[in-house]
Amino acid sequence: MSILLPPKTLPALSEPLWLPPPEHPDLPVNQLHIWRARMEEPRWSADDEGCPVSRDRAERLKTAIFRQDVLGRYTRGEDAIKGIIPGPTSELRVTVARCDHLALIAVTRNVRGMGLDLERVREDIPFEEMAGGFLDAPSQWDLRITWSPQEKAWKFFQFWTSNEACAQAHPSSQFTHTCQVRRFSPEADFIAAVAVEGGPETDVHYWDWQVLGAC
């Protein structure tokens, strides 16, 4: 795993306003769209033939449908048949992250590298030992002297998700300053980070797939 140099004081996590998505969202080159879905609804406990399936398989099926539906919203009319996305630099860059019952999809134009990570915040893991594998020495010390178990857990997972997202966005780099990182909490007890390769500031929109009851 790459060693990153995170800021010594992490910014507060944002709590996005998740809005109902448009049927066909516009996606300018300076925008990044993040979609959220929950995988736990009972109606996803059977396959297309009505046969019971395990919870894990049901969640995988729903994740696939979620991804297909999201990508379908960026195609229109006859372009959808041809698989063409309207607008400049037509190809999309898509990243999916899943943890427990939550799934996130980040969508942007295929102009810069992008990464996405999602984790549940837990207090029952050896933070300091794990941090030794991917944090620089000052950041490891910063984590060690954080006495509150809850604060230590949130700080660790902010570092962790930022690391994973940056590694996806720019695998050849070892430094966070090559990425724009947006940290947010998609739901209580969860942390996510999305990273985009350096360039103009990215305008992020948050869409709640469940608002439309997509299925």
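# Notebook: a chain of helices and strands

**Entry 1. Overall layout.** I read along the sequence and noted the pattern β-α-α-β-β-β-α-α-α-β-β-β for the protein chain. That comes to five helices and seven strands. I keep in mind that this is a predicted model. I then looked up burial. Of the 215 residues in the protein chain, 46% are buried. Residues 24 or more positions apart account for 67% of them.

**Entry 2. The sheet of four strands.** I looked for the strand order. Four strands form an open sheet in the order β2-β3-β1-β7, and the pairing is mixed. I found β2 and β7 (203–208) at the edges, where each pairs on one side only. On average, neighbouring strands of this sheet are turned by 20 degrees against each other, direction ignored.

I then went through two of the pairings. Strand β1 (residues 31–38) and β7 run parallel, and six bridges join them. I picked out tryptophan 35, whose bridge partner in β7 is tryptophan 207. Strand β2 (residues 92–99) pairs with strand β3 (residues 102–109) in the antiparallel sense, over eight bridges. Here arginine 93 stands opposite threonine 108 in β3.

**Entry 3. The hairpin of β2 and β3.** I asked myself which residue takes a positive phi in this hairpin. It is aspartate 100, and the hairpin has two residues between the strands. Aspartate 100 is not a glycine, yet its phi is positive, at about 55 degrees. I place aspartate 100 in the loop between β2 and β3. Its relative accessible area is 37%, so it is partly exposed.

**Entry 4. The sheet of three strands.** I turned to the other open sheet. It has three strands in the order β4-β6-β5, with antiparallel pairing. Its edge strands are β4 (114–120) and β5 (179–184), each pairing on one side only. The twist averages 15 degrees from one strand to the next. I looked up the pairing of β4 with strand β6 (residues 190–197). The two run antiparallel, joined by seven bridges. Glutamate 119 stands opposite isoleucine 191 in β6.

I checked the loop between β5 and β6 as well, and found aspartate 189 there. Aspartate 189 has a positive phi of about 75 degrees, although it is not a glycine. Is aspartate 189 buried or partly exposed? At 43% relative accessibility, it counts as partly exposed.

**Entry 5. A helix across the sheet.** I asked what lies across β4, β5 and β6. The answer is α5, which runs at about 150 degrees to β4.

**Entry 6. Helices α4 and α5.** I looked at how helix α4 (residues 137–144) packs with helix α5 (residues 149–169). The angle is about 155 degrees, and the axes are 9 Å apart. An angle over 145 degrees counts as roughly antiparallel, so α4 and α5 are roughly antiparallel to each other. I listed the residues that meet. From α4 they are Ser139, Asp142, Leu143 and Arg144, and from α5 they are Lys152, Lys155, Phe156 and Phe159. I sorted the residues of this contact into three nonpolar, one polar and four charged.

**Entry 7. The two sides of α4.** Which residues of α4 are buried? I found Ser139, Asp142 and Leu143. They cover an arc of only 95 degrees around the axis, so they are on the same side of α4. On the other side of α4, I found Ala137 and Trp141 exposed. I also looked up what covers the buried residues of α4. The cover includes α3 (127–131) and α5.

**Entry 8. Proline 126.** At 44% relative accessibility, proline 126 counts as partly exposed. I then compared its place in sequence and in space with that of alanine 153. Proline 126 and alanine 153 are 27 residues apart in sequence, and C-alpha to C-alpha they are 9.8 Å apart in space.

Methods: Residues numbered from 1 in each chain as written. Predicted model: local features only at pLDDT ≥ 70, side-chain atom pairs only at ≥ 80, totals over all residues. Heavy atoms only, no water. Axes fitted to C-alpha atoms, helices over the stretch in contact; angles between N-to-C directions. Parallel < 35°, antiparallel > 145°, perpendicular 65-115°, else oblique. Contact = heavy atoms within 4.5 Å. Nonpolar A, V, L, I, M, F, W, Y, C, P; charged D, E, K, R; others polar. Pairing = 2+ DSSP bridges. Buried < 20%, exposed > 50% of the residue type's maximum accessible area, 1.4 Å probe, protein only. Arc of directions from axis to C-beta.
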